[in-house]
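Have a look at the model on the screen, and I'll talk you through a few of its residues and then the chain as a whole.

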Amino acid sequence: MAKKHKFRYATLLRVRQRQEELKALALAEIRREIRITEMQREEILHQQRQMLEEAKTRAKGPFHVDDVRGYYQYERHLARLAVEKDARLIELNALAEKRRQELEEALRARRMIEKISEREVKAFQAAIGKKEQAALDESASNQAAMSRAGEKP
């Protein structure tokens, strides 16, 4: 009966797969944060446009200066928030690129272990094949020798 092969790299492969999963989760988290920040930025820009329209509408008719001033101040506040969101998006995109590269490295490391394991399995199968072939050759030689010995009496 053939000897059962014990894969030496199984634990290492599981570790590399887990590292890859963690890197993928980290990248997904950053991408989710980017989407949320983009949505927040769009909402701020929408509110900013509304404030400008409201201030414009109020300024056309009879108005109180403090009301219109309040709209413009709020619009400037929203503009600052939009600039902060833009800066945050730049940071997040840079971080996402870094995380993407880390994920690619983890993928390469896992693939390398998989290739090593495939080579090891192939080498093991080749060794088993050679042993089986040697056993078959010996059996055939013995059978041939026995049949010749049986013919010579």
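Leaving out residues up to four places away in sequence, arginine 110 touches Leu13, Arg16, Gln17 and Glu20. By contact I mean heavy atoms within 4.5 Å. Before I go on, a word on what you're seeing: this is a predicted model, where local features need pLDDT of at least 70 and side-chain atom pairs count only at pLDDT 80 or more, while totals for chains, interfaces and linings use all residues. Residues are numbered from 1 along each chain as its sequence is written, and side-chain values use heavy atoms, with hydrogens and water left out.

Back to arginine 110, then. You'll find arginine 110 in helix 2, which covers residues 65-151. Helices here are DSSP runs of H or I with at least four residues, strands are runs of E with at least two, and the numbering starts from the N terminus. Is arginine 110 buried or exposed? Arginine 110 counts as buried, because its relative accessibility is 15%. The cut-offs, with a 1.4 Å probe and protein chains only, are under 20% relative accessible area for buried, over 50% for exposed, and partly exposed in between.

Which side chain does arginine 110 make a polar contact with? That would be the side chain of glutamate 20, at 2.2 Å. A polar contact is a pair of N or O atoms within 3.5 Å; within protein, one must be able to donate a hydrogen and the other to accept it, and residues adjacent in sequence count only if both atoms are side-chain atoms.

Now look from the other end. Glutamate 20 sits in helix 1, and glutamate 20 counts as buried because its relative accessibility is 14%. Setting aside neighbours within four places in sequence, glutamate 20 is in contact with Leu103, Ala106, Leu107 and Arg110.

Leucine 13 is in helix 1 too. Leucine 13 has a relative accessible area of 15%, so it is buried. Apart from residues up to four places away in sequence, leucine 13 touches Arg110, Ile113 and Glu114. Here's one I like: leucine 13 and methionine 112 are 99 residues apart along the chain, yet their C-alpha atoms are separated by 9.4 Å.

Over to lysine 85, in helix 2. Lysine 85 counts as partly exposed because its relative accessibility is 22%. Neighbours within four places aside, lysine 85 is in contact with Thr37, Gln40, Arg41 and Ile44. How far from alanine 123 is lysine 85, C-alpha to C-alpha? They are separated by 56 Å, at 38 residues apart along the chain.

Glutamate 42 belongs to helix 1, residues 10-60, and glutamate 42 is partly exposed because its relative accessibility is 42%. Its C-alpha atom is 49 Å from that of tyrosine 9, which is 33 residues away along the chain.

So, zooming out. The chain has 2 helices and 0 strands. Its C-alpha atoms fill a box of roughly 135 × 20 × 15 Å along the principal axes. Of the contacts with a separation of 6 or more, 86% are between residues 24 or more positions apart. And buried residues make up 19% of the 153 residues.
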